[in-house]
Amino acid sequence: MTANDENDGKQARTGLDGDGRAAEEVQGRRVLCKDEAAVHRVGRLAASRPEWVWCVSYGSNMNAGRFGCYLAGGTPEGGSRAYPGCRDPRAAAATRGHSLSGGIYFATESQVWGGGRAFYDPALPGTAPARAYLITSGQFADIVAQEMYREPGDDLDLTMVLATGRTQLGPGRYETLLYTGDLDGHPVLTFTAPWTAADVAPLAPSTAYLAMLASGLCDAHGWTLARAADYLAGRPGVQPTWTSHTLLAALQDPPAR
């Protein structure tokens with residue numbers, strides 16, 4: 001073997017070793033990428049089934065006693081319907097005042113209160129003061145069921161709403177779920193109608209219903225009753241039945257049901 005042949009052999013062996021190491025590195029990167037992808041898939045799956053969520057109410061459930069009937073069961077003060085409660089009847093782990101971008105309006109007649117119901121429309125101008133309750137995702141599913149007069153018991157797949165911000169479970173008045181962001185590391189969810197304020201005729205709410213909203217606003221945000229009356233009187237569907245002054249008077253001395 002000549003010196004040139006020996007050098008060529010060394011170079012060939014070196015090239016093969018280098019190619020081998022390169023192949024191993026490429027394979028290692030592929031395995032790493034697969035592992036990372038698996039981690040991301042697990043993360044997405046866990047995110048679609050969060051243990052805790054913030055359930056945001058902008059209507060009568062701003063009243064903590066009323067919301068408690070959805071959790072533990074019972075008939076809210078001034079209401080005409082008993083609720084079975086959640087499979088997990090524990091009280092909310094936390095509650096706080098919250099705000100949603102957009103506004104509320106009143107439409108469709110409530111079987112519980114009489115008069116119009118509150119709905120949230122993100123397209124309305126302004127900000128809607130609300131109340132957030134930290135509950136389990138199972139409790140949230142049971143509350144959504146009770147809002148539609150169904151028996152609680154089935155969990156909800158939150159994958160779509162957490163991925164897109166909105167999902168429609170059905171055509172019902174409170175079967176459209178909205179994800180509005182995160183608070184303290186937990187997703188913020190609410191529900192409303194699939195239509196907008198412009199799609200339905202407004203309907204004035206009852207005194208008892210407005211009293212629930214007003215008490216929730218005062219409790220969650222520290223408002224005076226006069227401020228709550230002023231805010232509610234400005235929502236679509238309230239006037240001309242109510243003005244700030246007539247509503248405040250009614251809230252201060254609500255009629256017995």
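**Confidence**

I began with the confidence of the model, which is predicted. The protein chain has an average pLDDT of 84, and 79% of the residues score at least 70. I then looked at residues 1-46, where the pLDDT is below 50, and found that this stretch has one contact in the model beyond near neighbours in sequence. Where pLDDT is low, the predicted coordinates should not be read in detail, and I kept my entries to other parts of the chain.

**α6 against α7**

I looked up how helix α6, residues 225-233, packs on helix α7, residues 244-252, and noted an angle of about 130° with the axes 8 Å apart. The crossing in which α6 passes α7 is right-handed. On the α6 side I listed Leu225, Ala226, Ala229, Asp230, Leu232 and Ala233, and on the α7 side Ser244, Leu247, Leu248, Leu251 and Gln252. Sorted by class, this contact of α6 with α7 holds eight nonpolar, two polar and one charged residues.

Between these two helices runs a loop, and Pro240 lies in that loop between α6 and α7. I checked the peptide bond leading from Gln239 to Pro240 and recorded it as cis, with omega near 10°.

**α5 against α7**

Next I turned to helix α5, residues 207-221, which packs with α7 at an angle of about 85°, the axes being 10 Å apart. That angle makes α5 roughly perpendicular to α7. Here Thr207, Leu210, Ala211 and Ala214 of α5 meet Leu247, Ala250 and Leu251 of α7.

**α2 against α3**

For α2 and α3 I wrote down a packing angle of about 105° and axes 9 Å apart, and this makes α2 roughly perpendicular to α3. The residues in contact are Phe67, Cys69, Tyr70 and Leu71 from α2, with Gln139, Ile143, Gln146 and Glu147 from α3. They divide into five nonpolar, two polar and one charged in this contact of α2 with α3.

**Salt bridges**

My count of salt bridges comes to six, and I followed one of them, in which the side chains of Asp155 and Arg87 meet at 2.8 Å, N to O. Asp155 lies in the loop between α3 (137-147) and α4 (159-164), and Arg87 in the loop between α2 (64-72) and β2 (94-101), so the pair ties together parts that are 68 residues apart in sequence.

**A residue with positive phi**

Last, I looked at Thr108, which is found in strand β3, residues 103-109. Although Thr108 is not a glycine, I recorded a positive phi of about 55° for this residue.

Technical notes:
Residues are numbered from 1 along each chain as its sequence is written. This is a predicted model: local features need pLDDT of at least 70, side-chain atom pairs count only at pLDDT 80 or more; totals for chains, interfaces and linings use all residues. Side-chain values use heavy atoms; hydrogens and water are left out. Axes are lines fitted to C-alpha atoms, for helices over the stretch in contact, and angles run from 0 to 180 degrees between N-to-C directions. Helices (H or I, at least four residues) and strands (E, at least two) are DSSP runs, numbered from the N terminus. A crossing is left-handed if the near helix is turned anticlockwise from the far one by less than a right angle, and right-handed if clockwise. Contact means heavy atoms within 4.5 Å. Ala, Val, Leu, Ile, Met, Phe, Trp, Tyr, Cys and Pro count as nonpolar, Asp, Glu, Lys and Arg as charged, and the others, Gly among them, as polar. pLDDT is the predictor's confidence in each residue, from 0 to 100. A salt bridge is a side-chain nitrogen of Lys or Arg within 4 Å of a carboxyl oxygen of Asp or Glu. Angles under 35 degrees count as roughly parallel, over 145 as roughly antiparallel, 65 to 115 as roughly perpendicular and the rest as oblique.
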